[in-house]
Amino acid sequence: MAIGAKIKELHDLLPQGITLVAVSKFHPVEAIKEAYEAGQRIFGESRVQELLIKHETLPKDIEWQMIGHLQTNKVRQIVPFISLVQSVDSVRLIECINREAQRIDRVVDILLEIHIAQEESKTGWRYEELVDYLRSEEFSALKNIRVRGVMGMATNTDDEEIVRADFEQLAHHYNELKPLFGEEFDTLSMGMSDDYALAIGCGSTMVRIGSSIFGDRY
Ligand SMILES: *Cc1c(COP(=O)(O)O)cnc(C)c1O
């Protein structure tokens with residue numbers, strides 16, 4: 001299916017209240033333009049260099065989100081325009097984003113990435129460590145980040161029960177963390193091309209869909 005038609009299909013299919021992030025990493029600006037013309041405004045990228053070029057080239061009403069691992073030495077380049085950093089997985093990174101945001105008098109929206117998959121390789125906080133940090137004075141002192149919710153990736157497996165259990169765990173953490181924050185804590189980002197329906201069934205409010213919109217990445 002063409003990119004524009006796929007976007008329209010997803011906009012029709014996704015329940016009210018679910019935000020679609022079109023994951024455009026590794027795909028050219030022409031592909032993003034097709035999605036944009038079909039009405040899509042939120043795009044997710046995983047590499048800073050690529051994100052900067054696309055942000056320069058494409059319409060200014062696009063909301064760019066960072067979904068991939070972010071190095072602290074690249075934070076300064078994206079802080080002026082990024083609309084959400086989904087992949088915040090360390091104290092070092094959260095403090096760096098806060099510092100850079102403060103420098104330009106901005107408040108940056110972030111999600112806390114939590115490790116839920118069974119694979120060791122997947123990134124994200126261990127939940128217990130995250131909770132300790134969120135209760136610390138260091139964390140309370142950060143005024144230039146706004147925590148909007150959590151993000152996670154399920155185990156990479158065909159076993160639906162394992163994927164469902166991962167999503168249920170993340171949804172549980174989301175609900176446990178909610179009381180620590182205000183109304184603005186409203187985003188549970190989980191679900192990708194192969195598992196978004198399952199994620200929505202488990203309470204997702206934001207899905208990140210790449211290959212089923214844009215095709216395979218090379
Ligand atoms: C690449 C990526 C996606 C999109 O994956 P698809 O399977 O192509 O839909 C979603 N989330 C993150 C964090 C990613 O890195």
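Predicted model: local features only at pLDDT ≥ 70, side-chain atom pairs only at ≥ 80, totals over all residues.
Phe26 sits in the loop between strand 1 (19-23) and helix 2 (29-37). The protein has 218 residues, and 53% of them count as buried. The points below go from the overall fold to single residues.

**Overall fold**

- The secondary structure comes to ten helices and eight strands.
- The radius of gyration is 17 Å, close to the 17 Å that the globule rule gives for 218 residues, so the protein is as compact as a globular protein of that length.
- The C-alpha trace spans about 50 × 45 × 30 Å along its principal axes.

**The ligand and its surroundings**

- Which residues surround the ligand? They are Val23, Lys25, Ile67, Met153, Met192, Ser193, Arg208, Ile209, Gly210, Ser211 and Arg217.
- By class, this shell has five nonpolar, three polar and three charged residues.
- The side chain of Lys25 places an N or O atom 2.7 Å from an oxygen atom of the ligand.
- Ser193 also uses its side chain: an N or O atom there is 2.5 Å from an oxygen atom of the ligand.
- Gly210 takes part through its backbone, with an N or O atom 2.8 Å from an oxygen atom of the ligand.

- Phe26 has a phi near 70°, a positive value in a residue other than glycine.
- Is Phe26 buried, partly exposed or exposed? Its relative accessible area is 37%, so Phe26 counts as partly exposed: the value falls between the 20% and 50% cut-offs.
- Asp105 has a phi near 60°, again a positive value in a residue other than glycine.
- Where does Asp105 lie? Asp105 is in the loop between helix 5 (91-103) and strand 5 (108-113).
- Asp105 is exposed because its relative accessible area, 70%, is over 50%.

**Cysteines**

- How many disulfides does the structure hold? The count is zero.
- Cys96 has a relative accessible area of 5%, which is under 20%, so Cys96 is buried.
- Cys202 also counts as buried, because its 15% relative accessibility is under 20%.

- Leu112 is part of strand 5.
- Leu112 is buried, because its relative accessible area is 0%, under the 20% cut-off.
- Leu112 and Ile94 are 18 residues apart along the chain, and their C-alpha atoms are separated by 9.1 Å.
- Ile213 lies in helix 10, which runs over residues 211-214.
- Is Ile213 buried or exposed? With a relative accessible area of 3%, under the 20% cut-off, Ile213 is buried.
- Ile213 and His115 are 98 residues apart in sequence, and 26 Å lies between their C-alpha atoms.

Definitions and conventions
Residues numbered from 1 in each chain as written. Heavy atoms only, no water. Near = heavy atom within 4 Å. Polar contact = N/O pair within 3.5 Å; in protein donor to acceptor, adjacent residues only side chain to side chain. Nonpolar A, V, L, I, M, F, W, Y, C, P; charged D, E, K, R; others polar. Disulfide = S-S within 2.5 Å. Buried < 20%, exposed > 50% of the residue type's maximum accessible area, 1.4 Å probe, protein only. Helix = DSSP H or I, 4+ residues; strand = E, 2+ residues; numbered from the N terminus. Rg over C-alpha atoms; globule rule 2.2 N^0.38 Å.
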